[in-house]
Amino acid sequence: MKLKEAFSSSFLLKCIFTISLFILIFISSVSYKHAITLAESSKWIVHSYRTDIELEKVFSFIKDAETGQRGFIITKDTNFLEPYFSANEKAEISFHELEKLAHGDIQQENNLKILRQLYNFRFSQLKTSLLISSRTPLDKELLKANMAIGKKVMDSIRLQINKMIELEKVYLSERQAKYEQEISFTPLITLLFLIFALLVFVFSFLKINKDLIILRTANS
């Protein structure tokens, strides 16, 4: 009878430790998945912010070129054309970054193509206005009409940039909702399994301690 009880006790302890091991493995896997999900969410947050920043840069460069162009038209001082010449090079860097950020996203890739077309057209308008302003005598009506077209293009660029930023916000909101859904029950489940594992270990300790007392008594 004692042999049977000892065997049952040993088998029970093995089962308990096996279950505890699987619980710990499960908790570790859940924690690892949570960390991966958090890293992925952080990556997309950074992605959205980088996209917004580069889009704002593009618009800022166009505004700088526009300001330089108007300064030259008013003063005929070529120093005002410095931002006009440098803006194109800087904007090209931002467009390159935006192409990498939009890679694989068909909707944003199409939006970026439209933005680049508007950008190129706006610079063409700026160049045309400079050519008109350099003629003698100055055709004020033609210059005014060309600059009015440029204003409409700038409005279209602003709308296109806002459209792309709003789309990034939608993406970010969807990704954030998915992330929150995935981790909503993770802390609770992890805590419950951890408590269960601790209870199992406590029970195992008490059982082993009890068996040791019985064994010590038997030996005595």
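**Helix contacts in a predicted model**

The side chains of Asn146 and Gln125 are joined by a polar contact of 2.9 Å. The model is predicted.

Me: Is Asn146 buried or exposed, and with what relative accessible area?
Reply: Asn146 belongs to helix α4, residues 140–183. Buried means under 20% relative accessible area. Asn146 is buried, with a value of 8%.

Me: Which other residue has a side chain in polar contact with that of Asn146, at 2.6 Å?
Reply: Gln125 is one partner, at 2.9 Å. A polar contact of 2.6 Å joins the Asn146 side chain to that of Ser129.

Me: Where is the kink in α2 centred?
Reply: Helix α2 covers residues 82–102. Its 21 residues reach 30 Å from first C-alpha to last, close to the 30 Å expected. The helix still has a kink of about 25°, centred on Asn88.

Me: Which residue follows α2 with a positive phi?
Reply: The buried residues of α2 include Leu101 and Ala102. After the helix comes a residue with phi near 95°, Gly104.

Me: How many residues apart are Lys100 and Glu97?
Reply: Their side chains meet in a salt bridge, 3.3 Å from N to O. Glu97 is among the buried residues of α2, while Lys100 is partly exposed at 48%. Both lie in helix α2, about one turn apart, and the separation is 3 residues.

Me: Glu92 and Arg116 meet in a salt bridge. How far apart in sequence are the parts that this pair ties together?
Reply: The N to O distance is 3.3 Å. Glu92 lies in helix α2 and Arg116 in helix α3, so the pair ties together parts whose separation in sequence is 24 residues.

Me: Why are Glu66 and Arg70 separated by about one helical turn, and how far apart are their closest N and O atoms?
Reply: Both lie in helix α1, and the separation is about one turn because they are 4 residues apart. Glu66 is buried at 4% relative accessible area, whereas Arg70 is partly exposed at 39%. Lys63 and Arg122 are linked with them in a network of salt bridges. In the Glu66–Arg70 bridge, the closest N and O atoms are separated by 3.7 Å.

Me: Which element gives the most to the nonpolar patch?
Reply: The patch covers about 490 Å² and is made by Phe17, Leu24, Phe201, Ile208, Leu212 and Leu215. Two elements give two or more residues: α1 and α5. Leu24 lies in α1 and is partly exposed at 36%. With 4 residues, the most comes from α5.

Note on methods
Residues numbered from 1 in each chain as written. Predicted model: local features only at pLDDT ≥ 70, side-chain atom pairs only at ≥ 80, totals over all residues. Heavy atoms only, no water. Patch = residues over 30% accessible without salt bridge, like charges linked within 9 Å, V, L, I, M, F, W, Y side chains within 5 Å. Areas by Shrake-Rupley, 256 points an atom, 1.4 Å probe, with all protein chains shown as cover. Salt bridge = Lys/Arg side-chain N within 4 Å of Asp/Glu carboxyl O. Buried < 20%, exposed > 50% of the residue type's maximum accessible area, 1.4 Å probe, protein only. Expected span 1.5 Å × (residues − 1). Bend = angle between axes of the 7 residues up to and from the residue. Polar contact = N/O pair within 3.5 Å; in protein donor to acceptor, adjacent residues only side chain to side chain.
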